[in-house]
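This briefing covers two topics: the surroundings of a ligand and the interface between two chains. Please read it alongside the sequence and the coordinates.

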Amino acid sequence: MTDYLLEARNLTMRFGGVVAVRDVSLSLREGELHCLIGPNGAGKSTFFRMLSGQYRPTSGEVLFRGQSINGQSSAKIARAGMGIKTQVPSVFNAMTVRENVMLAAVRALPPNLARRRCDEVMKRIGISHLAAEKVGILAHGQRQLVELATVIAPRPALILLDEPAAGMTGEEVEGLGDLLVELARSCSVIVVEHDMSFIRRIARSITVFNQGSVLVEGPADQVLSDQRVRDVYLGREVA
Amino acid sequence: MKTPLVTSGRLGAVAMILAAAWALFIVPSGGDMTLILSGSIYCAFGILALSLALIWGFGGILSFGQTAFFGIGGYAYAVLALNIGNTTTAALLAILVAAAMAAAIGYFMFWGRLGDVYLGVITLVLSLILYRFINQTSGSEWKIGKAPLGGFNGIPSTPILNDLDGNPLWPEDIYVLCVVALILSYILCRLLLATYFGRVVVALRENELRAELLGYDTRLYKLGVFSIAGGLAGLAGVLFANCVFVSPNMFSLTTSSQLLVWVIVGGLGTLAGPVMACFLLLAFSAWLGTLNAGVWLDPNLVMGLVLTLFVLVLPKGILPLMRSGCDRALAAFRRPAPAAEPGEAMIGEEAR
Ligand SMILES: Nc1ncnc2c1ncn2[C@@H]1O[C@H](COP(=O)(O)OP(=O)(O)OP(=O)(O)O)[C@@H](O)[C@H]1O
Ligand SMILES: [Mg+2]
């Protein structure tokens, strides 16, 4: 037994000749807020897909709450307490915001509690005024918020967020930062982001991916001042 | 934007209520036997249309196999009734047999995670195999208990459902039974879709990945709705067996393609629409038949034209079209009060 909530051990994912993720290990304790950064195509989303059961790793193992979840379906992993926000917002477009969040909540809670949880989450994320809207008509950033609401509604133990700030207004990004810090008090969070000022604001520990492998790993200030990271991000780093 | 006043669900329900009132109170008093007989058959097909409307329009599962379950329901009823004598038990069992067959086939399809195309092919092949198989059972060695399968002739001795005293029902009674069964099936589908089970089914049609990532085992939900639709098709088969008698044509490609046309013409994603289209197109075919126009008005050809016309010109189908018509009429009626927001009707309405 380990005291880690999540342990990825030597994960590798090959697509034919392409090695999208190569021998990556990562451990996460309960209540940790961890950031994952790296240039386009570094393998961040692929790594998330292996954790959440969408891809079965070519080799390596994922332990969640001390149990191997290799080969388990996404649904089963989700029921075990892992929630994921995908890079492209994945929501039920023809349904209302409330229906989206409610479907997420009612999977984990009895209907009356789910209803309360649904209202609570919509309020916290600031989408209550959109409750009756069809998700398909919302702006990209708002859809991101709806998806985030569906991810946190069942109270998962681990939340994976793939570029949650994309398409959001400055104000929304700020709110998102506060939310993530707050969330990390009750569960563990891994965030993939390109927005460096956002990363700087929330990150305590960071892993940098490059070409499928871990380039640097460590406390935020240390990683962000690392010359190799600056090289990889050259041209991207504005601040 | 609030839910618009006129939705396909509400309009469909109103249409169904009006049609039911007409069918139950006006038609029988006229005493027109042809209307009674064809009305019964139409209702049986209406239930079949509902079964496809449910799984395709709401579950996103395109099945060419509803006719298979339709035929299985009919044949199971005929065979069971001939063997056990009690027609009510036979009818209930036949519906269960159809649902169980759907569950068995669905298990392999959904647990095998077959793609949509393979799903369509497998269900189509199932219908074709059954059609072929039943067609070649004319020899006297093809018997299940006391029931001869009869090959292409079908089973003309299919027993009719009995009343409480054990006497066969009159055609008028069968008619009422068929109408009531159609109404109840419609209500069942509406209720089903309003439950969380139903919402999840719609959700996985919308975005299967998200449903999985939220923790729903989508295979189970698909299996559930597929089995229910199989049971509905079975019920349609039992009723059809009581209106006519069972024959291999129940499994035929003509039947399954007609079914597809009804759902598309009526409006994919609605329940009442396919039922309306089923009635209209059956009546239209019957009328074409009376014209005696020979090959130039071959009913299949005309159905093909109707389908093409709808796909090209009115791809949303009859019910959504009626709905936007009502919307416009209401908006005109209410002017100069604030008109309905334009574009509202266009946006992914959850039609029923
Ligand atoms: N299903 C797949 N089949 C083949 N190659 C894939 C597949 N998925 C990802 N890849 C490849 O794996 C590599 C890593 O992709 P991935 O999407 O994980 O990167 P990323 O770090 O998330 O990038 P971004 O910041 O652009 O989102 C890329 O080269 C990509 O082309
Ligand atoms: Mg990515």
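Which of the 13 residues around ligand 1 come nearest? In this predicted model, they are A:Asn40, A:Gly41, A:Lys44, A:Ser45 and A:Thr46. The contact of chain A with chain B takes 27 residues from chain A and 21 residues from chain B.

**Ligand 1**

- The shell around ligand 1 is made up of four nonpolar, seven polar and two charged residues.
- Helix α1 of chain A, residues 44–51, gives the most to this shell, with three residues.
- An oxygen atom of ligand 1 lies 2.5 Å from an N or O atom in the side chain of A:Thr46, and an oxygen atom of the ligand is 2.8 Å from an N or O atom in the side chain of A:Lys44.

**Interface of chain A and chain B**

- About 2,200 Å² is buried between the two chains, and carbon and sulfur atoms give 60% of this area.
- On the side of chain A, A:Phe92, A:Ala94 and A:Leu103 lose the most area to chain B, together 24% of what that side buries.
- Two salt bridges are found across the interface; A:Glu147 forms a salt bridge with B:Arg210, with the closest N and O atoms 2.4 Å apart.
- Helix α3(A) provides the largest share of the side of chain A that touches chain B, six residues.
- By class, that side of chain A has 14 nonpolar, six polar and seven charged residues.

Note on methods:
Residues numbered from 1 in each chain as written. Chains lettered and ligands numbered in written order. Predicted model: local features only at pLDDT ≥ 70, side-chain atom pairs only at ≥ 80, totals over all residues. Heavy atoms only, no water. Near = heavy atom within 4 Å. Polar contact = N/O pair within 3.5 Å; in protein donor to acceptor, adjacent residues only side chain to side chain. Helix = DSSP H or I, 4+ residues; strand = E, 2+ residues; numbered from the N terminus. Nonpolar A, V, L, I, M, F, W, Y, C, P; charged D, E, K, R; others polar. Contact = heavy atoms within 4.5 Å. Buried area = accessible area lost by both parts, 1.4 Å probe. Salt bridge = Lys/Arg side-chain N within 4 Å of Asp/Glu carboxyl O.
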